[in-house]
Amino acid sequence: MNKLVTFNWGITLLSFITAIILYPQLPGQVPDHINVVGAADSYGNKLTVFIMPIVLLVIGFLSSSKLIDSRYADLTIQNTFLKTFMLAILILLWYGTGLLFFDYSRLLN
């Protein structure tokens, strides 16, 4: 689990750095939602480029093993389920963040 936590913090840091670098170059409106096939279906202010990094940060804290272990004893069904559920959410967020930043980079060309 430690490698996943480190990976998540790396992705979170990378997404913040990418958002900061891209922000000045983005147009006034950027995609803020990507559908299942990867097409933008909603647009918002360019400040929305910071939403996914903030969500990754919050979910990273909420999915911390220490927080989950303090609520449910280690190796119980609830503990294992919650850690698996949070990992699934993180994987979806990583994918969504990648899609959004890919779309943001295409806006620069």
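Let's start where the side chains of Lys-83 and Asp-69 meet in a salt bridge, with 3.0 Å from N to O; the term stands for a side-chain nitrogen of Lys or Arg within 4 Å of a carboxyl oxygen of Asp or Glu. Lys-83 belongs to helix H4 and Asp-69 to helix H3, so this bridge ties together parts that are 14 residues apart in sequence. Lys-83 counts as buried at 16% relative accessibility, while Asp-69, at 30%, counts as partly exposed. Here buried means under 20% relative accessible area, exposed means over 50%, and partly exposed lies in between (1.4 Å probe, protein chains only). Please keep in mind that this is a predicted model, in which local features need pLDDT of at least 70 and side-chain atom pairs count only at pLDDT 80 or more, whereas totals for chains, interfaces and linings use all residues. Residues are numbered from 1 along each chain as its sequence is written, and side-chain values use heavy atoms, with hydrogens and water left out.

The structure holds two salt bridges. Asp-103 forms one with Arg-106, and their closest N and O atoms are 2.9 Å apart. Asp-103 and Arg-106 are three residues apart in helix H4, so about one helical turn separates them. Asp-103 is buried, at 7% relative accessibility, but Arg-106 is partly exposed at 48%. What does Asp-103 touch, leaving aside its neighbours within four places in sequence? It is in contact (heavy atoms within 4.5 Å) with Pro-31, Ile-34, Gly-38 and Ala-40.

Now step back to the whole chain. It has four helices and two strands, in the order α-β-β-α-α-α from the N terminus on. These elements are DSSP runs numbered from the N terminus: helices are H or I with at least four residues, and strands are E with at least two. The C-alpha atoms fill a box of roughly 50 × 25 × 20 Å along the principal axes. Of the 109 residues, 30% are buried. Among contacts with a separation of 6 or more, 62% are between residues 24 or more positions apart.

Next come the rings. The structure holds five aromatic pairs. In one of them, the ring centres of Trp-9 and Phe-61 are 5.2 Å apart and the planes stand at 55°, so the pair is tilted. Rings of Phe, Tyr and Trp (its six-membered ring) pair if their centres lie within 6.5 Å; planes under 30 degrees apart count as stacked, over 60 as edge-to-face and the rest as tilted. Trp-9 sits in helix H1 (residues 2–22) and Phe-61 in helix H2 (residues 51–62), 52 residues apart. Trp-9 is partly exposed at 30%, and Phe-61 is exposed at 52%.

Tyr-23 and Phe-50 form another tilted pair, 5.7 Å centre to centre with 45° between the planes. Tyr-23 lies in the loop between H1 and strand E1 (29–34), and Phe-50 in the loop between strand E2 (40–45) and H2, so the pair ties together parts that are 27 residues apart in sequence. Lys-46 lies over the face of Tyr-23, at 4.5 Å from the ring centre; the criterion is NZ of Lys or CZ of Arg within 6 Å of the ring centre and within 35 degrees of the ring normal.
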